[in-house]
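Dear colleague,

Please find below the structure that I am handing over to you, followed by an account of what was found in it.

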Amino acid sequence: MENEEKKIENTKIGKTEKKSTLKYLIAGLVSIIIILIVIVSILLFNGKNNDNKNSTTIENNASNISVKGSSYEELIKNAEEDEKKVVAILESEFENLKKETDTYDKYVTNKDKVKLFYDKIVTETDNFGIRLREYSLKYAELIMQENISSDDKYNKLDDIYDEFYENIGDDIYDDIYDGILDDLYDYYYDGILDDAYDTVPYAELSSTRSNEYKWCSNARSDVYKSISNSRSDIYKFRSNMGSKLYQEKEDKALEEIEEFRQDIEKIKNGISSENNIAQSMENKQENTNATSNSEELNTDFKNAMDSYEKYIDEYIAFMKKYSENPTDTSLLTQYASMLTKYQQAVKDFENWNTKNLNKAEQKYYVEVQTRVTKKLADASIDMQ
């Protein structure tokens, strides 16, 4: 009996020990699982932080965008994404800036940041304009590398006009000139500063608003000029190459590529003519002194634009007639006169771009410029 009782007791003790051991094992496993969860959470958290840091670096810096593409489709896609990225960077920075300047007092405290943002808009527009020229250049290089006829290469040049000059050129104009800069004007000059009339002394507010208007006006002028110049350069490049290919002078077309490459490098290095520098300064002064905010077309301006377009139509018609009959003495007599008038018409047209145009006039100017350049491109007339 005594031995049986001891066996029973030992059995109970064994079961108890097994239960205790099992509990310890379970507790240990749970602890290990908890530790693993904590470690994974820390790693994920650090990973997200690193991703955020990387995305912030990319988000706020467009200078690391490189022009690349080994096919027509890739070049167009990359140029479109480039434009969207520049705009996204500026819009994001504007949203952050608004948080620091959402009252009059905060605006005054951070007005230097506002001025720097206007400068950045101009800089980013300039840099994108350089890259847009480079996309066009690479596209032309791909065309010249193809084993196709000069006529087919000539026709392929239309893509440079359609994609880079027109589509993406319109996008950057709409998104920055008619987009972000309009938003800045509405938020500051017509918004926060306009709302402060009842609480801020007139002399102080007048000076603050005057500076804001000047910054915005100068930025608009510089951005407009930058976009106009980049599009004009791309059009001239396409037109000059088209002229050479139309004449089946592929060696001359390749020379146009090298000349355009050199021009881009000069722009990158900040090389510009004294005339352009003086003109830019004059534009800024005119915009600073501007008092009119009219959105209507000036009659003289409208007549000048319409007359210019009408003369271009006449010039194209004459040049077509001349190309068909180059030995016609009557046409030869008119040729020099027509060419001189054409050059003067282009000069007069471009001079309007240096004047203090309002938004409606700027828009109409670009519309006329777009129509005229398309007509000249279709007629394959060298603008040089």
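**Overall architecture**

Along the sequence, the chain runs in the pattern α-α-α-α-α-α-α-α-α-α-α-α. Its secondary structure amounts to 12 helices and zero strands; helices (H or I, at least four residues) and strands (E, at least two) are DSSP runs, numbered from the N terminus. Please note that this is a predicted model, in which local features need pLDDT of at least 70 and side-chain atom pairs count only at pLDDT 80 or more, while totals for chains, interfaces and linings use all residues. Residues are numbered from 1 along each chain as its sequence is written, and side-chain values use heavy atoms, with hydrogens and water left out.

Of the 384 residues in the chain, 40% count as buried (buried means under 20% relative accessible area, exposed over 50%, and partly exposed in between, with a 1.4 Å probe and protein chains only). The accessible surface of the chain comes to about 22100 Å², and 51% of this belongs to carbon and sulfur atoms; the areas come from the Shrake-Rupley method with a 1.4 Å probe, and for residues only the protein chains shown count as cover. Among contacts (heavy atoms within 4.5 Å) between residues at least 6 apart in sequence, 82% join residues at least 24 apart.

Val223 is found in helix H7 and is buried, at 0% relative accessibility. Leaving aside neighbours within four places in sequence, Val223 is in contact with Ile121, Val122, Thr125, Ile176, Tyr177 and Leu181. Val223 and Thr125 are 98 residues apart along the chain, yet their C-alpha atoms are separated by 6.4 Å.

Leu376, in helix H12 (residues 359-379), is likewise buried, with 1% relative accessibility. From C-alpha to C-alpha, Leu376 lies 7.9 Å from Ser239, although the two are 137 residues apart in sequence.

**Salt bridges**

Side chains of opposite charge can pair when their charged atoms come close. Taking a salt bridge as a side-chain nitrogen of Lys or Arg within 4 Å of a carboxyl oxygen of Asp or Glu, the count comes to 24.

One of them pairs Lys113 with Glu100 (2.6 Å, N to O). Lys113 lies in helix H4 (residues 111-145) and Glu100 in helix H2 (residues 72-100), so this pair ties together parts that are 13 residues apart in sequence.

A salt bridge also joins Asp306 and Lys302 (2.7 Å, N to O). Both residues lie in helix H10 (residues 299-324), four residues apart, about one turn of the helix.

Asp313 and Lys375 meet at 2.9 Å, N to O, in a further salt bridge. Because Asp313 lies in helix H10 and Lys375 in helix H12, the pair ties together parts that are 62 residues apart in sequence. Salt bridges with shared partners join Glu309, Asp313, Arg371 and Lys375 into one network.

**Two further features**

Asp171, in helix H6, is partly exposed, with a relative accessible area of 32%.

Finally, Glu248 has a phi near 60 degrees, a positive value in a residue other than glycine. Glu248 sits in the loop between helix H7 (202-246) and helix H8 (250-268) and is exposed, with a relative accessible area of 63%.

Yours sincerely
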